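Me: I would like to learn how to read the features of a protein model, one at a time. Could you take me through this one?

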Amino acid sequence: MSLTLGVLASGRGSNFLAVQKEIEAGRLDATIAVLISDREHAPALDLAREHGIKSVHHAYDRSDRTVFEKAAAETLEAHDCDLMLLAGFMRILTPDFINRFPGKILNIHPSLLPSFKGLHPQQQALDAGVKFSGCTVHVVTAELDAGPIVAQAVVPVEDEDNEDTLSARILEKEHTIYAEAIREIERRQS
């Protein structure tokens, strides 16, 4: 069963692009219908356009984030999205938005959840002295980085690692695991 995907992104869009490449290669039975960004000049918007995907900017107002969420939800619904992917989307969604799409929002987080939730999880891992870190794709719930885990990938922590080097190695795994998680969701829905 082919899934129609919507993507929310704030930055460069590397995880979005990795998923799109899996679709283009025929290894993922899905279509990305729309990419939405809260940042007007996010590189992810340009990447979406380059791949013929509708790209939309909805302004984000910190004083009333529900304005962005209402617009984003309406855009996702207008494109009949089965699954929403947070791909470098750097905002915390309200319970109202999450409950509008129950069990249909995935996030990728650069740690082996439930460890190291929130910001700078790679530095948190280094500070804790762990020997392994990685990334997790999980279903988004109202509790930050606490939803059901769909997939994980492990990355060893090297003695010489800093936040940047560990982040780069984790990102490589993120680029493969997001598509794996989407395939797992497809299997569950079949």
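**Reading the sheet and its surroundings**

Reply: Strand 1 and strand 4 (residues 83-86) run parallel and are joined by 4 bridges; two strands pair if DSSP finds at least two bridges between them, while helices (H or I, at least four residues) and strands (E, at least two) are DSSP runs, numbered from the N terminus. This is a predicted model, in which local features need pLDDT of at least 70 and side-chain atom pairs count only at pLDDT 80 or more, whereas totals for chains, interfaces and linings use all residues. Residues are numbered from 1 along each chain as its sequence is written, and side-chain values use heavy atoms, with hydrogens and water left out.

Me: Which residue in strand 4 is the bridge partner of V7, and which residue stands opposite V7 in strand 2?

Reply: In strand 4 the bridge partner of V7 is L85, and in strand 2 V7 stands opposite L35. Strand 1 (residues 3-9) and strand 2 (residues 30-37) pair in the parallel sense over 7 bridges.

Me: What kind of unit do strand 1, helix 1 and strand 2 make?

Reply: A crossover is right-handed if, with the strands pointing away from the viewer, the path from the first strand over the helix to the second runs clockwise. Here strand 1, helix 1 (residues 14-24) and strand 2 make a right-handed β-α-β unit.

Me: Why do the buried residues of helix 2 line one face of the helix?

Reply: An α-helix has 3.6 residues a turn, so residues three or four places apart point the same way. In helix 2 (residues 43-50), A44, L45, L47 and A48 are buried, where buried means under 20% relative accessible area, exposed over 50%, and partly exposed in between (1.4 Å probe, protein chains only). Seen down the axis of helix 2, the buried residues fall within an arc of 160 degrees, so they line one face; the arc is that of the directions from the helix axis to the C-beta atoms. What covers them includes strand 1, helix 1, strand 2 and strand 3 (54-57), contact meaning heavy atoms within 4.5 Å.

Me: Is E22 buried or exposed, and what does E22 touch?

Reply: E22, found in helix 1, is buried, with a relative accessible area of 15%. Not counting residues up to four places away in sequence, E22 touches R27, L28, A179 and R183.

Me: How many disulfides does the count come to?

Reply: A disulfide is a covalent bond between the sulfur atoms of two cysteines. With the rule of a pair of cysteine sulfur atoms within 2.5 Å, the count comes to 0 disulfides. C81 is buried at 12% relative accessible area, and C135 is buried at 0%.

Me: Where is a cis peptide bond, and which residue other than glycine has a positive phi near 50 degrees?

Reply: The cis peptide bond joins L113 and P114, with omega about 15 degrees, and P114 is placed in the loop between strand 5 and helix 5 (121-128). The residue with phi near 50 degrees is D80, which is exposed, with a relative accessible area of 60%.
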